[in-house]
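Take a look at the fold below.

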Amino acid sequence: MKTNEKAEWLALSQHFQQIKDLHLGSLFRENPKRANQMTLEGAGLYLDYAKNRIVPETMSLLLDLAQSAELTTEIERMFSGERINRTENRSVLHMALRHPTASPYIVNGVDLMPEVGGVLSRMEQLAVQISTGQWLGYTGKPIKNIVNIGIGGSDLGPVMVYEALKAYSNRDLTIHYVSNVDSSHLTEQIFGLNPAETLFLIASKTFTTQETMANANSAKAWILDGLCSEAATSRHFIAISTNAAKVVEFGIDPEYMLGFWDWVGGRYSLTSAIGFSLMISLGVGNFHRLLAGFHAMDKHFRETPHAENMPVVLALLGVWYNNFFGCQAQAVLPYNQYLSRFPAYLQQADMESNGKSVDREGNPVSYQTGPVIWGEPGTNGQHAFFQLLHQGTKLVPCDFIGFAKPVNPLGDHHQKLMANFLAQQEALAFGKGVTELRAEKIPENLIPYRTFEGNRPSNCILAEKLTPESLGSLIALYEHKIFVQGVIWNIFSFDQWGVELGKQLAEKLLPVLIGEDKMEEKHDSSTLNLINYLLRHQ
């Protein structure tokens with residue numbers, strides 16, 4: 001039976017018609033204890049979801065929908081290592097990467113932790129050598145600059161965490177990230193660096209990814225040009241890969257290759273060796289604190305009943321807006337400058353996972369799946385796109401993320417930040433009506449422009465302070481939310497075939513652009529015109 005033909009889905013559709021016009025203002029007035037009834041805590045995070053257009057019956061019906069999708073069973077299938085990524089015939093076990101190494105994680109009778117712990121130990125050894133100046137470059141100088149080259153999950157996660165936890169990092173090292181095949185990215189990131197003091201981390205599972213290897217080869221040429229010896233490669237490159245043959249062919253000693261496993265998906269890989277740059281920057285202790293935060297949320301997700309389970313509740317609320325209100329976007333609004341890259345990270349995590357139009361049986365879906373994820377840190381967003389959130393014609397559910405304590409106390413900056421954080425949620429929910437405006441003596445001709453309808457939903461996620469632990473919990477919260485929504489929509493969340501076609505076409509177009517092949521008959525007239533423009537002007 002199709003997801004949107006289930007009795008539980010149809011019951012939600014009927015319920016939606018009954019309550020869709022209720023206003024949050026009236027819901028709060030009718031139930032003074034509403035906030036207490038819609039607050040959850042777990043893994044160091046605090047979730048208030050009271051400012052959503054729901055009543056208790058809504059959550060009950062949504063939980064029924066989760067039960068109809070056999071969510072409890074699906075969670076256990078993932079954690080136990082069943083091959084739930086069926087189109088690639090792989091398990092999904094990123095949770096093992098942050099499981100305590102002293103405690104077994106058994107899959108098919110095999111404990112994964114000795115291998116996971118072995119890679120972690122090797123990462124620790126190398127990270128300490130590099131960060132303490134023991135790792136010497138080809139000319140005998142210690143390393144001062146780390147350049148991580150990757151793309152997608154090999155870049156977005158590490159970049160986001162590096163920025164988020166910069167206050168905890170070793171400022172004696174400079175960390176750079178290169179992902180775009182646009183030569184400007186690499187050029188600008190290595191500008192002014194000394195090759196003798198620079199170490200490149202090449203993060204690619206296959207060691208064949210076009211963008212990553214183009215940047216890696218140019219980085220190698222830069223090192224060899226600066227140090228004038230092929231032997232320099234072995235002291236200025238570390239590989240994070242599973243393809244030892246390609247790593248050796250590149251010139252990297254296999255002793256300096258950090259591996260991972262096919263059950264680690266790219267967008268879930270930052271707690272694997274892909275996060276090696278973070279261990280160097282943050283230090284071994286802080287990296288383990290990050291893992292502990294992930295594990296705390298993994299444990300909460302696996303063991304907590306659905307009604308009190310933070311990822312489950314957030315996922316069901318997302319389904320409510322996406323599939324019943326027809327909302328096609330969700331804003332993620334961290335009120336912390338260190339989390340400036342968090343929305344971009346979630347774009348890949350969510351949109352690459354659940355941007356699917358075919359269900360698990362291979363049939364086209366007839367309902368919306370993953371939303372468009374976007375956002376910026378507050379208060380910057382307030383002076384950019386909040387106008388649309390408050391008074392635009394689109395209903396955009398929002399996640400507000402904040403912290404009780406600042407990382408960098410300075411005057412009353414944090415209090416001002418959090419006053420805005422709370423005010424925006426209140427304004428979105430309750431708005432401002434004609435009666436209030438007239439009481440303020442607003443001219444009658446301006447009242448239509450000054451009216452705020454309100455009734456715009458939001459979630460509030462809080463932690464005491466942005467720390468490695470709270471960041472790990474926050475990331476895992478969204479990872480598991482995405483998984484739950486995939487289960488509800490009956491889609492595969494852990495493949496990404498949609499990125500393949502563009503790669504294949506790019507491989508065919510490259511010979512044309514470098515003058516090795518015309519292949520004119522294989523392209524449409526628009527593409528031919530564009531090729532001709534590029535060839536004339538390059």
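At what angle do the axes of helix 5 and helix 14 cross, and within what distance do they come? The axes of helix 5 (residues 71–79) and helix 14 cross at roughly 140° and come within 10 Å. Helices here are DSSP runs of H or I with at least four residues, strands are E runs of at least two, and both are numbered from the N terminus.

The model is predicted: local features need pLDDT of at least 70, side-chain atom pairs count only at pLDDT 80 or more, and totals for chains, interfaces and linings use all residues. Residues are numbered from 1 along each chain as its sequence is written, and side-chain values use heavy atoms, with hydrogens and water left out.

**Helix packing**

Two packed helices are described by the angle between their axes and the distance between the axes. Axes are lines fitted to C-alpha atoms, for helices over the stretch in contact, and angles run from 0 to 180 degrees between N-to-C directions. Angles under 35 degrees count as roughly parallel, over 145 as roughly antiparallel, 65 to 115 as roughly perpendicular and the rest as oblique. Helix 5 and helix 14 are therefore oblique to each other.

| Pair | Angle | Axis distance |
|---|---|---|
| Helix 5 and helix 14 | roughly 140° | within 10 Å |
| Helix 7 and helix 14 | about 145° | 10 Å |
| Helix 14 and helix 15 | about 70° | 8 Å |

Helix 14 (residues 284–303) is roughly perpendicular to helix 15 (residues 310–325). Contact means heavy atoms within 4.5 Å. On the helix 14 side, Met 297, His 300 and Phe 301 meet Met 310, Pro 311 and Val 312 of helix 15. This contact divides into five nonpolar, one polar and no charged residues.

Helix 7 (residues 113–131) meets helix 14 through Leu 120, Met 123, Glu 124 and Val 128. Their counterparts in helix 14 are Val 284, Phe 287, His 288 and Leu 291. The count is six nonpolar, one polar and one charged.

Six strands form an open sheet with mixed pairing, in the order 1-2-13-12-10-11. Two strands pair if DSSP finds at least two bridges between them. Strand 1 (39–42) and strand 11 (372–374) stand at the edges with a single partner strand each, so one side of each has no neighbour in the sheet. Neighbouring strands are turned by 15° against each other on average, direction ignored.

Strand 10 (residues 329–334) runs parallel to strand 11, joined by three bridges. Gln 330 has Ile 373 of strand 11 as its bridge partner. Helix 16 packs on this sheet, touching strand 10, strand 11 and strand 12 (398–403). The direction of helix 16 makes about 165° with that of strand 11.

An open sheet of five strands has parallel pairing and the order 6-5-7-8-9. Its edges are strand 6 (174–178) and strand 9 (257–258), each with a single partner strand, so one side of each lacks a neighbour in the sheet. Strand 5 (residues 145–149) pairs with strand 6 over five bridges. Ile 146 stands opposite Ile 175 in strand 6.

**Pockets**

On a 1 Å grid over the protein atoms alone, a pocket is an open set of points where a 1.4 Å probe fits, with protein on both sides within 12 Å along at least five of seven lines; lining residues have an atom within 4 Å of a point. Grid points are joined across faces, edges and corners, and a volume is the space filled by probe spheres set on the points.

The largest pocket holds about 1,100 Å³ of space. Of its 42 lining residues, Thr 209, Gln 496, Val 499, Glu 500 and Lys 503 are the closest to the centre. Helix 22 gives the most to this lining, with six residues. The lining has 13 nonpolar, 19 polar and ten charged residues.

The second largest pocket holds about 350 Å³. Its lining has 16 residues, and Pro 406, Asn 408, His 413, His 414 and Leu 417 are the closest to its centre.

**Backbone details**

The peptide bond from Gly 378 to Thr 379 is cis, with omega near 10°. Lys 441 has a positive phi of about 65° although it is not a glycine.

Methods
Nonpolar A, V, L, I, M, F, W, Y, C, P; charged D, E, K, R; others polar.
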